[in-house]
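Subject: Structure for you to look at

Hello,

I am passing on the structure we talked about. My notes follow below it.

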Amino acid sequence: MSRPRGRPAVTRSGCLGPGLPYFCAGSGPPLVLLPGLSGHHRVPEGIELALELGQVRPFAVSRTVWWITRRHGLPDGATMADLAADYADVLHELFAEPVDVVGVSTGGSVALQLALDRPECVRRLVLVAGACRLGPTGRAAQREYARLLAARRPRSAGALLMPLLAARPLTGRLLGALGWVLGPWTAGAADPDVLATIAAEDAFDAGSRLPGLACPLLVVGGGRDRFYGPALFSETSEAAPQGRLALYRTKGHLGTATDRRLGPDVRSFLDAP
């Protein structure tokens, strides 16, 4: 199948269930995409929407992609199980059968919790730059990121987190500068939903439950990912009964999600008999 060209068009958008922002793009069988951490829980617009559509593009060539983020108005103390339950309720309303789910980074944590807690919702599961828990560097960075956001220091927060997306030091320094400049836009302004999501992921560890994962699993990770790392990607895929790993050895956290191999690898996994 040919690689999709250009960004797909949004066909519908709004909120689902208890307030989960979403948009749809592409055509074909449904695929639910749970995105990574952002500065807010709203339907993206402008440049932010263009970036998300770039992430959707590899899958929209043959699927109707339902991009669904966490709910607006998360309660204090919300857990990863709470976030997954929101998705389960929505998927039950939308689809009569289990659906393929792709989770990216933080979205991967929620997607894995969903597949473990509500196996009737998920046909096949893909974690892109995600694993059964954060690595030590990723957890420490997100805690500090949350502290800086709560202190209303979005530029410092952006400069802290952005370098960790890169695979190489020089790229990391450039991203750090960009994070400082764009911090108020990318990091947001201490959005309570974002802080609640970070806290939920900080406590998340599904490692002991992986042997009970009922659906086939594909983990796509970068060999230079600083949030998780190749050891965690391997642990996650190997502990799942039907787990597979696609490791992009030279890629970091961001590079994994934008690699040209991602679309074909995911489509091959989801479309296998």
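In which hand, left or right, does helix 5 pass helix 6? The crossing is right-handed. Please keep in mind that this is a predicted model.

The pair of helices

The axes of helix 5 and helix 6 cross at roughly 150° and come within 7 Å. An angle over 145 degrees counts as roughly antiparallel, so helix 5 is roughly antiparallel to helix 6. On the helix 5 side, the contact involves Pro 154, Arg 155, Ser 156, Gly 158 and Ala 159. These meet Gly 176, Gly 179, Trp 180, Val 181, Gly 183 and Pro 184 of helix 6. By type, the contact residues are five nonpolar, five polar and one charged.

Helix 5 covers residues 154–161, and its buried residues are Pro 154, Ser 156, Ala 157, Gly 158 and Leu 161. Among the elements covering them are helix 4 (136–150) and helix 6 (169–186).

Eight strands form an open sheet in the order 1-2-4-3-5-6-7-8, and the pairing is mixed. Strand 1 (10–16) and strand 8 (243–248) are the edges; each has a single partner strand, so one side of each lacks a neighbour in the sheet. On average, neighbouring strands are turned by 20° against each other, direction ignored.

Strand 1 runs antiparallel to strand 2 (residues 20–26), and six bridges join them. Gly 14 has Tyr 22 in strand 2 as its bridge partner.

Helix 10 (residues 262–271) packs on this sheet and touches strands including strand 3 (30–34), strand 5 (99–104) and strand 8. The direction of helix 10 makes about 160° with that of strand 6 (122–128).

Regards

Notes:
Residues numbered from 1 in each chain as written. Predicted model: local features only at pLDDT ≥ 70, side-chain atom pairs only at ≥ 80, totals over all residues. Heavy atoms only, no water. Buried < 20%, exposed > 50% of the residue type's maximum accessible area, 1.4 Å probe, protein only. Helix = DSSP H or I, 4+ residues; strand = E, 2+ residues; numbered from the N terminus. Contact = heavy atoms within 4.5 Å. Axes fitted to C-alpha atoms, helices over the stretch in contact; angles between N-to-C directions. Parallel < 35°, antiparallel > 145°, perpendicular 65-115°, else oblique. Left-handed = near helix turned anticlockwise from the far one by under 90°. Nonpolar A, V, L, I, M, F, W, Y, C, P; charged D, E, K, R; others polar. Pairing = 2+ DSSP bridges.
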